[in-house]
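Here's a quick briefing to read alongside the model. Have the sequence and the 3D view open as you go.

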Amino acid sequence: MMGGGTRAQRPGRESSLISKHSGPHPADFADVRATNLAVVLRHLRMNAPCSRADIAATTGLNKATVSSLVTDLIERRLVREVGMTENRIGRPAMMLVLDGSPYAAIGLEVNADYLTAVALDLSGERLLSWRRSFAGASGSAGQAIASLAALAKRAVAKMAREERRVLGLTVAVPGLVDPDGVVELAANLGWHEVDLRKSLLSALNEPDYPLLVENDANLAVLAEQRFGGQAGTGNLVYLTSGAGIGAGIISDGRLLRGSRGFAGEFGHLPIDPAGPPCDCGRRGCLEALAGLGSLIRRALPEAAAETGIAPSEFGPHVDEIHRLAKSGDPQVLAALTATGGYLGQGIAVLANLINPEFVTLGGYFTVLAPWLIPAAERELRVRSVAAEGGGTRIIASALDASAAAAGGAARVLDGIDSGILPTP
Ligand SMILES: [Zn+2]
């Protein structure tokens, strides 16, 4: 894991943050230092530029401790001084900001029809954003791993040319990912039991930065919480929409993973036992009724019959649905209403179980959200026990199609923010 980490903490297992120690323990003192370093970093992320005295006053840490922590952060090139500023009151003070320049956090996403790469600096500024079409649904896992490794190498090489050190790399996958980075199932990619983390580590020659594999929706919701229109919201769901539908869930401020990391398989909520077959082998799952494939079949039946609905056709078909919806095409509007209704049935389950404040429609749904949301909200209100859907609002994501990759990079920054720092 990240150099300088002081806990037996695995970024993939949030539950390990809960201490099992009941009394003082030598490791606790190192933990306190890491926690305090993280407090200073987070304060600077939110409030920079600010002085050491500002940090002490706001965080409650004493001034000597803040000085020592800031020295440590400057040595690690995570923070830099930007010159003296006249304070409102008292002596001029040296102001501090996050120093993003020597570092980069990288996120990749693999999906049925595309690969994306995003790199962020420490302050969250985008350093690169690449997207390429990719036949993930028709190729083998080995081919996908080779393509992912090639993309990762290009991104890492670009960061190296900019003299940036890679803090970590996270890969987003549309499927069930266990805490060791094994993809147990990614139905839309045709993957079963693919040890993606191990394969990528090997393809990248055992890099010295941490490499994580995570469910795409889990990463997209982290991006939504950090960079989206509802940044900072503690009860938030992000719905992905590609070949399947997944949910990334932040509940009471924490990512909901479940006991083995498999929470959020929203697309496989059983809606209609007599419904159409799903890629997972069952019938009538939500994504068989409300997924992109079923929407295209309803909205563009002739085109679907003629060219099929291979994932490579998703983009052009969605563009056409968007164009026809804007022009008021009755068949397309009816298709969007039907799809929105099924989505609303699923969202009502979320509302009843976890009462989110916002459910954001991401992926290909984002551009179609104006036509999906009215029907989804009607179903939500009818089917949720709490009045008015418990206050849950359905909105379009403010993020683009690179949300999961951006979330992968944000996942790396979260590690830094929690005190797992690079060695000086
Ligand atoms: Zn299913």
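**Val-183 and its surroundings**

Leaving out neighbours within four places in sequence, Val-183 is in contact (heavy atoms within 4.5 Å) with Val-173, Leu-176, Val-177, Trp-191, His-192, Glu-193, Val-194, Leu-196 and Val-213. Bear in mind that this is a predicted model: local features need pLDDT of at least 70, side-chain atom pairs count only at pLDDT 80 or more, and totals for chains, interfaces and linings use all residues. Residues are numbered from 1 along each chain as its sequence is written, and side-chain values use heavy atoms, with hydrogens and water left out.

- Val-183 sits in strand β9 (residues 182–186); helices (H or I, at least four residues) and strands (E, at least two) are DSSP runs, numbered from the N terminus.
- With a relative accessible area of 0%, Val-183 is buried; buried means under 20% relative accessible area, exposed over 50%, and partly exposed in between (1.4 Å probe, protein chains only).
- Val-183 and Asn-215 are 32 residues apart in sequence, and their C-alpha atoms are 8.8 Å apart in space.

**Helix α4**

- The expected span is 1.5 Å times one less than the number of residues.
- Its buried residues are Ala-141, Ala-144, Ile-145, Leu-148, Ala-149, Leu-151, Ala-152, Ala-155 and Met-159. Looking down the axis of α4, they fall within an arc of 165°, so they line one face of the helix. The arc is that of the directions from the helix axis to the C-beta atoms.
- The background is simple: an α-helix has 3.6 residues a turn, so residues three or four places apart point the same way.
- What do the buried residues of α4 pack against? They pack against β4 (103–110), β5 (114–120), β6 (126–133), β7 (165–173), β10 (191–195) and α5 (196–203).
- Just after α4, Glu-163 has a positive phi of about 60°.

**Helix α10 and its neighbours**

- Helix α10 (residues 314–326) has 13 residues and reaches 18 Å from its first C-alpha to its last, close to the 18 Å expected at 1.5 Å a residue.
- Phe-314, His-317, Val-318, Ile-321, Leu-324 and Ala-325 are the buried residues of α10. They cover an arc of only 130° around the axis, which puts them on the same side of α10.
- Over on the other side of α10, Asp-319 and Lys-326 are exposed.
- The cover over the buried residues of α10 includes α8 (292–299), α9 (301–307), α11 (330–354) and α12 (365–383).
- α10 and α12 pack at an angle of about 35°, with their axes 10 Å apart. The contact is made by Val-318, Ile-321, His-322, Ala-325 and Lys-326 of α10 and Val-367, Leu-368 and Trp-371 of α12. Axes here are lines fitted to C-alpha atoms, for helices over the stretch in contact, and angles run from 0 to 180 degrees between N-to-C directions.
- After α10 comes Gly-328, with a positive phi near 85°.
- Ala-335, found in helix α11, counts as buried at 3% relative accessibility. Not counting residues up to four places away in sequence, Ala-335 touches Leu-295, Arg-298 and Ala-299.
- Ala-335 and Ala-325 are 10 residues apart in sequence and 9.7 Å apart in space, C-alpha to C-alpha.

**The α2/α3 pair**

- Helix α2 (residues 52–59) and helix α3 (residues 63–75) pack at an angle of about 120°, with their axes 9 Å apart. That makes α2 oblique to α3: angles under 35 degrees count as roughly parallel, over 145 as roughly antiparallel, 65 to 115 as roughly perpendicular and the rest as oblique.
- On the α2 side, Arg-52, Ile-55 and Ala-56 meet Lys-63, Val-66, Ser-67, Val-70 and Ile-74 in α3.

**Backbone spots to check**

- Where does Pro-49 lie? Pro-49 is in the loop between α1 (26–47) and β1 (50–51), and a cis peptide bond, with omega about 0°, joins Ala-48 and Pro-49.
- Glu-206, in the loop between α5 and β11 (211–215), has a positive phi near 50° and is a residue other than glycine. Glu-206 is exposed, with a relative accessible area of 54%.
- Glu-388 lies in the loop between α12 and β16 (393–396) and has a positive phi of about 55° although it is not a glycine. At 60% relative accessibility, Glu-388 counts as exposed.
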